[in-house]
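Thanks for making time this morning. I would like to walk you through one model, taking the sheet to begin with and then the ligand site.

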Amino acid sequence: MAGGVIFRLPQQVANQIAAGEVIQRPASAVKELIENSVDAGATEIKIQVKDAGKTLIKIVDNGEGIAPQDIELAFQRHATSKIKTTDDLTKIMTKGFRGEALASIASVAQIEIISKKSTNQLGTLLCIEGGEVKRKEQLAAQNGTTISVKNLFFNTPVRRNFLKTNQTELRRILEEVYRLAIAHCYVRFDVFDQGSELLHLTKATVKHRLRNIFGTKLRDNLLEINSDTQIAKISGYVLKPNISKQRGNPQYFFVNNRFIIAPYLRHAVLEAYQGLLPEKSQPGYFIFIEIATDKIDVNIHPTKTEIKFEESENLYAILKSTVKHSLGIHRITPPLDFNQNPDLRVPYEYKDKPPTRPTVPIDTNYNPFEDARQKNVLDFQNTPSNNPLKIENISDLLDIKAQPSIFQLFSKYIVCGFDNNLIIINQNRAHQRILFEKFKKGNKTNSLPSQQLIFPIFVSLSIQQTNALKEIEDDLKKIGFRIKIVNKTSIQILGAPQICPTEKISATLEELLDQTIDVSSHTDTIGDMIAKFLARKWAITNNQLLNHVEQNEMVNNLFACQDYGITPFNKKVFIRLDKGALNRKLE
Ligand code: ADP
Ligand code: MG
């Protein structure tokens, strides 16, 4: 059909789609572009890059192509052929649906696209630079789409400066290709860097594809997993525990063929491996989950790598038992442990029984730090302290059976005794972790509260600082800053994150801008850099008396964090001594 299929989303639908930054680096552009090719039904996708995508990313696909009358529309924000109404958001099977990738890429690069539908005689060429159409013409072309993205971030130097070495950026590109290639084995992928072939994946089965990407050793150590319940269908492979490594084992979850990051589900897999892995080592897995599209929400994050599950607790239990079952039938579970609490054992066979809501052997409303909740002293109102998984985590870690007793030592450490454990927390490091996760969360959800300043603060900046500010302004806004740029060298601060003492706002901001300009200090993303910077800046010091409520609050909020064990700078947050260790030292 030659007719146009792309429609502009009604404003209302567009607004429901959380806004956000999609393109952080060449790999994110590659991801979006090859997702488009897969959505267009391509069976062959060729990816060519120069300078790890910094100067050129060229994708050639044999998909359905774009009609001449649609091609300009495809580059407008919220223009998509994949959904039309709010209702469609619950039925998403395509990779894309937000209609913002091409618009985002086109706003920070020079684009040349040639596309032809098989039903049309001619193809269309379109050149766009910084979002503006420079050229459009009809020409003879192959069926499918070829898109070249040149000089990514040419008009956003800060973002360009955030890029890492070619080697690192190339690794990230390949990682994006793997994620899509594992989920779509029927598609052939070829990757070239500066003309030389980096990856060649023919159409294959999942197992074959895994071998082609990760090598024969991995293939020989795959255990198949399989289960089919009313809640979800789970398939794929886990790695035998004997080839577990401390780091670097592949861990892939796919939900309806979309790669996702899911710490919650990862935890379920770790649980299934419990007792089988040497300390600190990580299992490897490639797990495919098929689930009804109205039971998940993929629209919670701009890059769509995070998903909300309606029945997450059930899914957790099913996944854990599926993996356990596979490890079990391959006779690699440890001999029965008679000391184990039988309530915690999960039945192997879920297959033939209708799934029931799992009974969690803990009271999820029980909060061991209850008395700390009287007052929100340290302003952590956003911490998810009632998350059942988190509570389970803490009890895993601490083996809590009694109320903790807590005190402060040297104005620096918070010491808690739980039952058979003694935990000594560095308060500054703990607070860094808490603030970091809070800022990251604000970054994602756009939701941290801002304190309006009664008297706006005027600040003079260098031109370079103002330019840097323009590029990180959005990220600052998400965590509570409200800034008005008056001209090239002066700004007005109207609001700031609640936690910041008013007298320190302008100095902190200036320091942050200097750090933004200083390429050597760059971390992964602008959002991360800001969160790390402010977490370090605003964390309470190691020379501060805390009252009992504050101490409790700190412990409570720390263990509600996802990575409570380390600071954003990879420093240890606490040490733990259990009774056994103490006995060994003192008996
Ligand atoms: P989304 O993928 O969310 O719809 P994009 O900005 O990535 O948004 O793409 C906009 C539209 O352009 C798509 O909906 C699709 O119709 C069209 N499109 C983009 N890339 C291709 C391609 N490689 N082949 C065919 N159509 C494409
Ligand atoms: Mg897309």
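Before the sheet itself, a definition: two strands are said to pair if DSSP finds at least two bridges between them. Please keep in mind throughout that this is a predicted model.

With that criterion in hand, strand β6, residues 123-129, pairs with β7 in the antiparallel sense, and seven bridges join the two; one of the residues involved is Cys-127, whose bridge partner in β7 is Arg-135. These two strands belong to an open sheet of eight strands with mixed pairing, which runs in the order β7-β6-β5-β8-β3-β2-β9-β10. At its edges sit β7 (132-139) and β10 (196-201), each of which pairs on one side only. If we ignore direction, neighbouring strands of this sheet are turned against each other by 10° on average.

Let me turn to the ligand site. Around ligand 1 there are 19 residues, and those that come nearest are Asn-36, Thr-80, Ser-81, Lys-82 and Gly-99. By class, the shell consists of eight nonpolar, seven polar and four charged residues.

Phe-97 contributes through its backbone, with an N or O atom placed 2.9 Å from an oxygen atom of ligand 1. Taken alone, the ligand exposes 540 Å², and the protein buries 94% of that. As for secondary structure, the elements that give two or more residues to this shell are β4 (79-80) and α3 (101-107).

Key: Residues are numbered from 1 along each chain as its sequence is written. Chains are lettered from A and ligands numbered from 1 in the order in which they are written. This is a predicted model: local features need pLDDT of at least 70, side-chain atom pairs count only at pLDDT 80 or more; totals for chains, interfaces and linings use all residues. Side-chain values use heavy atoms; hydrogens and water are left out. A residue is near a molecule or strand if one of its heavy atoms lies within 4 Å of it. A polar contact is a pair of N or O atoms within 3.5 Å; within protein, one must be able to donate a hydrogen and the other to accept it, and residues adjacent in sequence count only if both atoms are side-chain atoms. Accessible areas come from the Shrake-Rupley method with a 1.4 Å probe; for residues, only the protein chains shown count as cover. Helices (H or I, at least four residues) and strands (E, at least two) are DSSP runs, numbered from the N terminus. Ala, Val, Leu, Ile, Met, Phe, Trp, Tyr, Cys and Pro count as nonpolar, Asp, Glu, Lys and Arg as charged, and the others, Gly among them, as polar. Axes are lines fitted to C-alpha atoms, for helices over the stretch in contact, and angles run from 0 to 180 degrees between N-to-C directions.
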